[in-house]
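User: I'd like to learn how to read a structure with two chains. Could you walk me through this one?

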There are 2 protein chains.
Amino acid sequence: MATIVVEVMLKPEILDPQGQAVAAALPRLGFTFAKEVRQGKRFEISVDGTPTAEQLADIERAAQTLLSNPVIESFRVKVEG
Amino acid sequence: MATIVVEVMLKPEILDPQGQAVAAALPRLGFTFAKEVRQGKRFEISVDGTPTAEQLADIERAAQTLLSNPVIESFRVKVEG
């Protein structure tokens, strides 16, 4: 059983109000280290056995069509565990 | 400039309706490889220079208090780039 991870983040040129809210809240809690915070999504997809190249290509397509909005978001696919 | 990543996922025993919705949608789009899908959050926190041990400890505490709900979520902190 392997886990394929799809990480979806807003593109750098897209405003990220959630990330800005976190960045504004951190100093109020005493944490002053953050220059910028971006918030995105993480999908963990469990598959049987080792993922095949075909499965990874399928997941690329699923990430493009279902898991992300390619107009404003970019994504990365990786295999963990 | 380094990026500290905080990954927040629902604990395995917590129901994940968003992940289930994705898992249900994948076969409708012709993708039949997924056994389970879990959806979580990913925070990218930019800091100046290489993160110190103290900054990482701060981020652990920020993750516990602001970025995650420790009752239902678990998190991982890692340094990228």
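Analyst: "Buried" means under 20% relative accessible area, "exposed" means over 50%, and "partly exposed" is in between (1.4 Å probe, protein chains only). Keep in mind that this is a predicted model: local features need pLDDT of at least 70, side-chain atom pairs count only at pLDDT 80 or more, and totals for chains, interfaces and linings use all residues. Residues are numbered from 1 along each chain as its sequence is written, chains are lettered from A and ligands numbered from 1 in the order in which they are written, and side-chain values use heavy atoms, with hydrogens and water left out.

User: Which side chain meets that of Arg42(B) in a salt bridge at 2.9 Å?

Analyst: First the rule: a salt bridge is a side-chain nitrogen of Lys or Arg within 4 Å of a carboxyl oxygen of Asp or Glu. Here the partner is Glu7(A), at 2.9 Å from N to O. Glu7(A) sits in strand β1 (residues 2–10) of chain A and Arg42(B) in strand β2 of chain B, so this pair joins two chains. Glu7(A) is buried too, with a relative accessible area of 2%. Strands here are DSSP runs of E with at least two residues, helices are runs of H or I with at least four, and both are numbered from the N terminus.

User: And what does Glu7(B) form with Arg42(B)?

Analyst: Another salt bridge, with the closest N and O atoms 4.0 Å apart. Glu7(B) lies in strand β1 of chain B and Arg42(B) in strand β2 of chain B, so this pair ties together parts that are 35 residues apart in sequence. Glu7(B) counts as buried at 2% relative accessibility. Glu7(A), Glu7(B) and Arg42(B) are among the residues linked in a network of salt bridges.

User: How many salt bridges does the rule find across the interface of chain B and chain A?

Analyst: It finds 6 there, and a search over all chains of the whole structure gives 22.

User: How do I read strand pairing?

Analyst: Two strands pair if DSSP finds at least two bridges between them. Strand β2 (residues 36–47) of chain A and β2(B) run antiparallel, joined by 11 bridges. Within chain B, β1(B) and β2(B) also pair in the antiparallel sense, over 7 bridges. Arg42(B) turns up in both pairings: Gly40(A) has Arg42(B) as its bridge partner, and so does Glu7(B).

User: Is β2(B) mostly covered or mostly open?

Analyst: Mostly covered, with 10 of its 12 residues buried.

User: How many residues touch between the chains?

Analyst: Contact means heavy atoms within 4.5 Å. By that rule, 35 residues of chain B are in contact with 35 residues of chain A. Between chain B and chain A that is about 3,000 Å², with carbon and sulfur atoms giving 65%. Phe31(B), Phe33(B) and Arg42(B) supply 22% of the area that chain B buries against chain A, more than any other three residues.

Key: Buried area = accessible area lost by both parts, 1.4 Å probe.
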